[in-house]
Amino acid sequence: MKLARGMVISVFVVLAAASWFLATGHAGEVLDRIKKDGVIRMPQQSEWAPFSFTDSSGVHTGFDYEVAREIARRMGVT
C-alpha cells in the first residue's frame, strides 16, 4: 500500500513539474513580442454572442474581448 501511494505522489510531482516546464517554455518569445509592440492581437470570430460579437456601434465586445482587455490592462499594453 505504501508503494502505491508513493508512486501516485511521484507521478503527480513529475506531471506537475512537466506541465510547469512546458507552459513556461513557450511564453518568452510571444511575451517579448507583446511587450515590444505594446499590443495583444487576438484573432476572433465576431459573431458568437455572448462570447464575441460586434455591437451596434461597430465595437468588438463580449466575454472573450473583455478577458483579453483585462489581460492587456494588467500587462500594461493595449
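Arginine 73 and glutamate 70 form a salt bridge, with 2.6 Å between the closest N and O atoms; the term requires a side-chain nitrogen of Lys or Arg within 4 Å of a carboxyl oxygen of Asp or Glu. The model is a predicted one, in which local features need pLDDT of at least 70, side-chain atom pairs count only at pLDDT 80 or more, and totals for chains, interfaces and linings use all residues. Residues are numbered from 1 along each chain as its sequence is written, and side-chain values use heavy atoms, with hydrogens and water left out.

Arginine 73 and glutamate 70 are three residues apart in helix α3, about one helical turn. Arginine 73 is exposed at a relative accessible area of 54%, while glutamate 70 is partly exposed at 30%. Glu70, Arg73 and Arg74 belong to one network, joined by salt bridges that share partners. For accessibility, buried stands for under 20% relative accessible area, exposed for over 50%, and partly exposed for values in between (1.4 Å probe, protein chains only).

A salt bridge also links glutamate 66 to arginine 69, where the closest N and O atoms are 3.1 Å apart. Both residues lie in α3, again three residues apart, about one turn of the helix. Glutamate 66 is partly exposed at 43% relative accessibility, and arginine 69 is partly exposed at 39%. An α-helix has 3.6 residues a turn, so residues three or four places apart point the same way.

## The other charged pair

Aspartate 37 and arginine 41 form a salt bridge with their closest N and O atoms 3.5 Å apart. Aspartate 37 counts as partly exposed at 35% relative accessibility, whereas arginine 41 counts as exposed at 61%. The count of salt bridges comes to four.

## Geometry and faces of α3

Helix α3 covers residues 63-75, which is 13 residues, and reaches 18 Å from its first C-alpha to its last. That is close to the 18 Å expected, where the expected span is 1.5 Å times one less than the number of residues. Helices (H or I, at least four residues) and strands (E, at least two) are DSSP runs, numbered from the N terminus.

The buried residues of α3 are Tyr65, Ala68 and Ala72. They lie on the same side of α3 because they cover an arc of only 65° around the axis, the arc being that of the directions from the helix axis to the C-beta atoms. Elements covering these buried residues include β2 (52-54) and β3 (60-61). Exposed residues Phe63, Arg73 and Arg74 are carried on the face turned away from the buried side. Glycine 76 follows α3 and has a positive phi, near 80°.

## The sheet and its loop

Three strands form an open sheet in the order β1-β2-β3, with antiparallel pairing. Its edge strands are β1 and β3, each of which pairs on one side only. The antiparallel pairing of β1 and β2 runs over two bridges; strands count as paired if DSSP finds at least two bridges between them. Tryptophan 48 has serine 52, in β2, as its bridge partner.

The loop between β1 (47-48) and β2 holds proline 50. The peptide bond from alanine 49 to proline 50 is cis, with omega near 5°.

## Threonine 61

Threonine 61 is found in strand β3 and is buried, with a relative accessible area of 17%. Leaving out residues up to four places away in sequence, threonine 61 touches Phe51, Ser52, Phe53, Asp55, Glu66 and Arg69, with contact meaning heavy atoms within 4.5 Å.
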